[in-house]
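Have a look at the structure, then read on.

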Amino acid sequence: MDQQDLYGLLLQHVARHVPLTPEEQQYFISLLKPRRLQRRQWLLQAGDICRYEYFIVQGCLRSYITDRNDVEHVLHFAVEDWWITDLESLLTQSPSQVSIEALEPSCVLQLEREALQTLYQKVPAFERFFRILHQNAYLAQNRRILQNISHTAAERYEAFLERYPAIAARVPQKYLASYLGMTPVFLSQLRNHKAGK
């Protein structure tokens, strides 16, 4: 993957929200560090302190927590052109309760917490950019909470398929079931019913 491919997707992503001069683009790129992950490799492990915002150039990742019975609960999926982090750990610099794992071979661009603070000062447009990003994440999380308490499992599955069809095709069934709050067996029954089997 060449330099243009590596940073081009991110620059296009930013440009959809805020305008940047060529100099601001170059400065932003100078703060980023590429990181490649193998399938099943952790980007962040529970107990570690999150020090980065991560932009996904290639691949698919999941964030999850593990409860006291060692059951994993998927919180988010993230694919190309999305960001992922543990915002609470990043902001408070406290140990993360969340793990982030690559579900496919992946490439991310890391933006360190300290570099982000400098970026806010030197390129104020990024304060607006990350505010928009976090507002959108909040709205998505709020929508998910409302669906979980007011929709049936079948309705949640249909809504996910409608909103994120590409993700539904890429993630293993057990992780999608966990995200939707159902067992893999029940999700399999929903899929078979939908397929008319």
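Let's start with a pair of helices: Gln173, Lys174, Leu176, Ala177 and Leu180 in α8 meet Pro184, Leu187, Ser188 and Arg191 in α9. Keep in mind that this is a predicted model.

**α8 against α9**
- Sorted by class, the α8 contact with α9 has 5 nonpolar, 2 polar and 2 charged residues.
- Helix α8 covers residues 173-180 and helix α9 residues 184-194; they pack at about 100°, with their axes 8 Å apart.
- Angles of 65 to 115 degrees count as roughly perpendicular, so that is how α8 and α9 lie to each other.

**α5 against α6**
- Here the angle is about 150°, and the axes of α5 and helix α6 (residues 153-163) are 9 Å apart.
- Anything over 145 degrees counts as roughly antiparallel, and α5 and α6 are therefore roughly antiparallel to each other.
- On the α5 side, the contact uses Arg143, Gln147, Asn148 and Ser150, while α6 brings Glu155, Arg156, Ala159 and Arg163.
- By class, that contact has 1 nonpolar, 3 polar and 4 charged residues.

**The nonpolar cores**
- The largest nonpolar core has 26 residues, and Phe28, Leu111, Phe126 and Phe130 have the most contacts inside it.
- Elements giving two or more residues to this core include α1 (3-15), α2 (22-30) and α5 (125-150), with α1 giving the most, at 5 residues.
- Leaving aside residues up to four places away in sequence, Phe28 touches Leu10, Leu11, Val14, Leu111, Leu119 and Phe126.
- Another core, of 21 residues, lies apart from the largest one; Phe77, Tyr157, Phe160 and Val171 are among its members.

Conventions: Residues are numbered from 1 along each chain as its sequence is written. This is a predicted model: local features need pLDDT of at least 70, side-chain atom pairs count only at pLDDT 80 or more; totals for chains, interfaces and linings use all residues. Side-chain values use heavy atoms; hydrogens and water are left out. A nonpolar core is a set of buried Ala, Val, Leu, Ile, Met, Phe, Trp, Tyr and Cys residues joined through side-chain atoms within 4.5 Å. Buried means under 20% relative accessible area, exposed over 50%, partly exposed in between (1.4 Å probe, protein chains only). Helices (H or I, at least four residues) and strands (E, at least two) are DSSP runs, numbered from the N terminus. Contact means heavy atoms within 4.5 Å. Axes are lines fitted to C-alpha atoms, for helices over the stretch in contact, and angles run from 0 to 180 degrees between N-to-C directions. Angles under 35 degrees count as roughly parallel, over 145 as roughly antiparallel, 65 to 115 as roughly perpendicular and the rest as oblique. Ala, Val, Leu, Ile, Met, Phe, Trp, Tyr, Cys and Pro count as nonpolar, Asp, Glu, Lys and Arg as charged, and the others, Gly among them, as polar.
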